[in-house]
Amino acid sequence: QRMPFNWCGLPAMSIPCSLHSNGSPFGLQLTAARFEDFKLLAVAKVAEALIGFDTVPPILKTATAVA
């Protein structure tokens, strides 16, 4: 499935930013001008640091080891 940004030749990406109460992730889509891929990656890196989203799924945090 193609998306409008891809049709226009614009770089786009999604970064995780939050979880819904049912555990589904929310993403933030970022786009940039044509051929500005590296700027997009730099902005995404800063955004990820500011958001501080924990990438460990909640189910793995509550799991206990079975001995």
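Mentor: A12 has T31 in β2 as its bridge partner. This is a predicted model: local features need pLDDT of at least 70, side-chain atom pairs need 80 or more, and totals for chains, interfaces and linings use all residues. Numbering starts from 1 along each chain as its sequence is written, and side-chain values use heavy atoms, without hydrogens or water.

Trainee: How many bridges join β1 to β2?

Mentor: Seven, between β1 (residues 12–19) and β2 (residues 25–31), running antiparallel. Strands are DSSP E runs of at least two residues, helices H or I runs of at least four, numbered from the N terminus. Two strands pair if DSSP finds at least two bridges between them.

Trainee: And what is in the turn?
Mentor: The hairpin has five residues between β1 and β2. G23 in the turn has a positive phi of about 95°.

Trainee: P25, buried or exposed?
Mentor: Exposed, because its relative accessibility is 61%. Buried means under 20% relative accessible area, exposed over 50%, partly exposed in between (1.4 Å probe, protein chains only).

Trainee: Which residues does P25 touch?
Mentor: S18 and L19, leaving out residues up to four places away in sequence. Contact means heavy atoms within 4.5 Å.

Trainee: Where is V56 found?
Mentor: V56 sits in the loop between α2 (37–51) and α3 (58–62). V56 is partly exposed, with a relative accessible area of 37%.
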